[in-house]
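Thanks, everyone. I'll keep this short.

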Number of protein chains: 2
Amino acid sequence: MRETVTAKDVAKLAGVSQSSVSRVYFEGASVSEKTKKRVLEAAEELGYRPNVYARSLITNQSNIIGLVMKGVQNPFYAQVLKRFSSIFKQHGYSILFVYTNNDEIQKEDVETLLNYNVAGVVVTDATMSFSVGEEFKKNHIPLVFFNRKLGTGEFHSVCCNNLSASRWIAQYLLSKGASELVLITGDEHTSTSIEREKGFCEVLDQQRIAYRKYNSDYTYEGGYQTAMTVLEEKQLPAAFFVANDIMALGVIDALRKNDIRIPQDTKVVGFDNIEMASWPAYELTTWEQPIEEMIEETVNYLLAEIMSYTGLAQIIEVDGKFVERKTT
Amino acid sequence: MRETVTAKDVAKLAGVSQSSVSRVYFEGASVSEKTKKRVLEAAEELGYRPNVYARSLITNQSNIIGLVMKGVQNPFYAQVLKRFSSIFKQHGYSILFVYTNNDEIQKEDVETLLNYNVAGVVVTDATMSFSVGEEFKKNHIPLVFFNRKLGTGEFHSVCCNNLSASRWIAQYLLSKGASELVLITGDEHTSTSIEREKGFCEVLDQQRIAYRKYNSDYTYEGGYQTAMTVLEEKQLPAAFFVANDIMALGVIDALRKNDIRIPQDTKVVGFDNIEMASWPAYELTTWEQPIEEMIEETVNYLLAEIMSYTGLAQIIEVDGKFVERKTT
DNA sequence: GAGTTTGTTGCATACGTATGCAAATGAAAG
DNA sequence: CTTTCATTTGCATACGTATGCAACAAACTC
């Protein structure tokens with residue numbers, strides 16, 4: 001029942017060889033305009049579509065980009081997913097979506113990516129063991145860590161400049177006269193959380209300013225609970241620096257629950273500038289990650305590496321900018 | 001450089017034929033325990049992985065599920081994406097993520113799905129022309145419209161029972177003494193919006209209760225703007241029924257911006273019960289879509305159809321339940 | 001017009017796996 | 001030990017495409 005039209009069928013109808021049909025659909029092959037036209041007409045008539053599997057089998061390539069993601073729930077990554085899908089589609093690539101519920105990408109998921117011989121991989125919001133990264137290198141599959149880092153420069157990475165951003169935020173809060181500060185970090189294994197903490201603390205330590213640090217998990221609930229814990233202890237800090245926006249929203253809600261006024265009684269700064277940060281209910285001051293720019297960098301690198309693999313890795317850091325709203 | 005270990009290599013090392021190797025990896029083929037063990041050992045040693053493309057070429061099947069989605073930004077669909085990915089992975093399927101920015105799934109996207117000969121398709125948050133649906137039928141590819149309907153029963157569909165839910169909500173608001181009502185709908189072409197409107201209006205018409213209807217677009221900004229428009233007109237309604245939660249949050253923020261107290265001055269009811277509906281900042285009364293149940297239904301149907309195709313379509317409606325919070 | 005170059009075409013083969021068929025093996029029965 | 005039957009194995013081929021090679025045609029060059 002499943003009618004399957006092959007290049008041979010098209011060839012017969014067009015009165016050419018199967019090779020010629022193949023060449024019509026193969027970028028850069030040499031075919032005359034005349035046969036090309038005849039082939040396309042015949043193909044149209046029969047409803048021919050080249051078989052992806054036969055093609056990939058012989059070329060040992062695919063038009064699939066693997067996208068590894070954990071926190072789809074975080075609006076930041078939802079937007080990332082949307083943009084990547086959109087752009088890669090424009091370039092003729094399809095998206096193999098790999099959801100990983102562990103921080104570290106699992107063997108099973110890696111196998112999937114290798115099985116489909118993906119043209120490239122974007123890992124956002126997850127990490128992987130060093131050896132797994134090497135596996136991709138061995139197979140000449142370009143890989144980008146988006147908004148994450150792994151190791152120290154062995155793998156390509158596109159990030160916001162978390163260090164300078166968090167330093168800036170520290171300075172900003174100090175300039176606002178905030179003396180006692182609270183820092184709420186995200187998943188402690190992620191490079192983003194580590195760096196945002198580092199930059200922030202560096203400045204405070206240098207100026208001998210007191211601060212308390214609480215470890216959370218980059219989720220709304222985490223932010224909410226952590227803020228509650230903070231409030232259970234004696235004194236209300238002058239300001240909170242929260243390692244991402246979604247947690248910051250949780251923090252705000254927890255503070256409000258306790259009738260603490262923002263920004264009068266305390267201040268809150270987030271990180272990411274997700275859409276919700278600008279909602280009237282929150283009006284969160286935050287650091288904007290330049291998503292478009294980061295995605296463009298990522299796509300350009302991948303496409304170049306797919307064209308001709310070098311394996312050269314680089315850590316690219318894009319600045320982003322501070323967005324002041326009503327929580328400070 | 002790209003070392004490619006084939007079944008032949010494994011066969012040689014294990015001292016068996018390539019066929020035997022193939023049979024070890026093929027579900028339900030007959031191999032003795034002895035050779036199976038030897039093959040697996042050899043495979044392990046060489047790092048063998050069956051070639052997906054060769055396999056699909058010959059079997060004319062794939063282990064890919066196409067997931068078509070538009071509104072990734074809506075937390076409801078983010079959760080749907082996460083759950084589907086997770087469950088299908090458990091069943092050995094990978095996800096081809098197809099993002100469509102048009103309401104109607106484009107030809108290009110359909111081609112992608114057909115090219116990869118997906119085992120099944122889930123369409124959420126998008127619609128497709130009738131003829132495209134037929135195309136999938138022709139190719140015996142099972143298809144489910146998730147939270148959407150197309151036509152009148154020609155295609156399988158898993159939804160919340162929008163009609164009875166919105167009727168229930170209308171009754172509820174009336175019982176709360178709300179006399180003048182406002183209905184804010186979503187994308188007017190979507191079955192969900194149409195049905196939620198229908199059920200709601202039916203009840204009101206029957207009881208000759210006045211209401212105004214505003215058309216919006218299922219986004220936060222849409223809800224916000226629409227509410228602003230409503231407020232520009234003379235009188236504040238006693239309650240809003242908003243066709244989904246994310247819009248309802250926009251409505252709430254717009255009302256608050258105008259210093260309107262909820263639920264004292266007016267009430268708001270949403271639909272979906274996304275996580276944010278329970279956030280302290282909103283505490284939105286809403287109708288809970290039984291996501292888990294809907295997903296389970298969808299997956300079961302697809303797996304069954306993949307096993308043995310019948311093409312039988314059914315419209316499955318799951319009830320869900322009312323969740324009363326503080327906006328009513 | 002013979003020779004040279006450029007561009008196009010078909011033939012034949014290869015990619016790595018699944019599978020029908022026949023051969024071979026092993027177990028069970030007599 | 002022979003016969004029967006069930007199970008396992010290898011051989012050979014097919015899936016639909018890309019591509020090296022040789023053949024061919026056309027267009028120039030001298």
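Start with N51(B). One of its backbone N or O atoms lies 3.0 Å from a phosphate oxygen of DNA strand C. Keep in mind that this is a predicted model. Chain A has a phosphate contact to show as well. In S32(A), a side-chain N or O atom is 2.8 Å from a phosphate oxygen of DNA strand C. Now a base.

Which elements give two or more residues to the surface near DNA strand C? In chain A, helix 2 (18-25) and helix 4 (52-59). In chain B, helix 2 (18-25) and helix 4 (52-59) again.

DNA strand C is surrounded by 27 residues. The closest are S20(A) and T35(A), plus A7(B), S22(B) and R55(B). By type, we have 13 polar, 10 nonpolar and four charged residues. Sugar or phosphate accounts for 56% of them, and bases for the rest.

Now leave the DNA. Look at helix 9 of chain A, residues 191-206. That's 16 residues, reaching 22 Å from first C-alpha to last, close to the 22 Å expected. Its buried residues include F200(A), C201(A), V203(A) and L204(A), but also E195(A) and R196(A). What covers them? The cover over the buried residues includes helix 8 (162-175) and strands 6, 7, 8 and 11 of chain A. After helix 9 comes R208(A), with a positive phi near 55°.

That's my tour. Questions, please.

Definitions and conventions
Residues are numbered from 1 along each chain as its sequence is written. Chains are lettered from A and ligands numbered from 1 in the order in which they are written. This is a predicted model: local features need pLDDT of at least 70, side-chain atom pairs count only at pLDDT 80 or more; totals for chains, interfaces and linings use all residues. Side-chain values use heavy atoms; hydrogens and water are left out. Helices (H or I, at least four residues) and strands (E, at least two) are DSSP runs, numbered from the N terminus. The expected span of a helix is 1.5 Å times one less than its number of residues. Buried means under 20% relative accessible area, exposed over 50%, partly exposed in between (1.4 Å probe, protein chains only). Contact means heavy atoms within 4.5 Å. A residue is near a molecule or strand if one of its heavy atoms lies within 4 Å of it. A polar contact is a pair of N or O atoms within 3.5 Å; within protein, one must be able to donate a hydrogen and the other to accept it, and residues adjacent in sequence count only if both atoms are side-chain atoms. Ala, Val, Leu, Ile, Met, Phe, Trp, Tyr, Cys and Pro count as nonpolar, Asp, Glu, Lys and Arg as charged, and the others, Gly among them, as polar.
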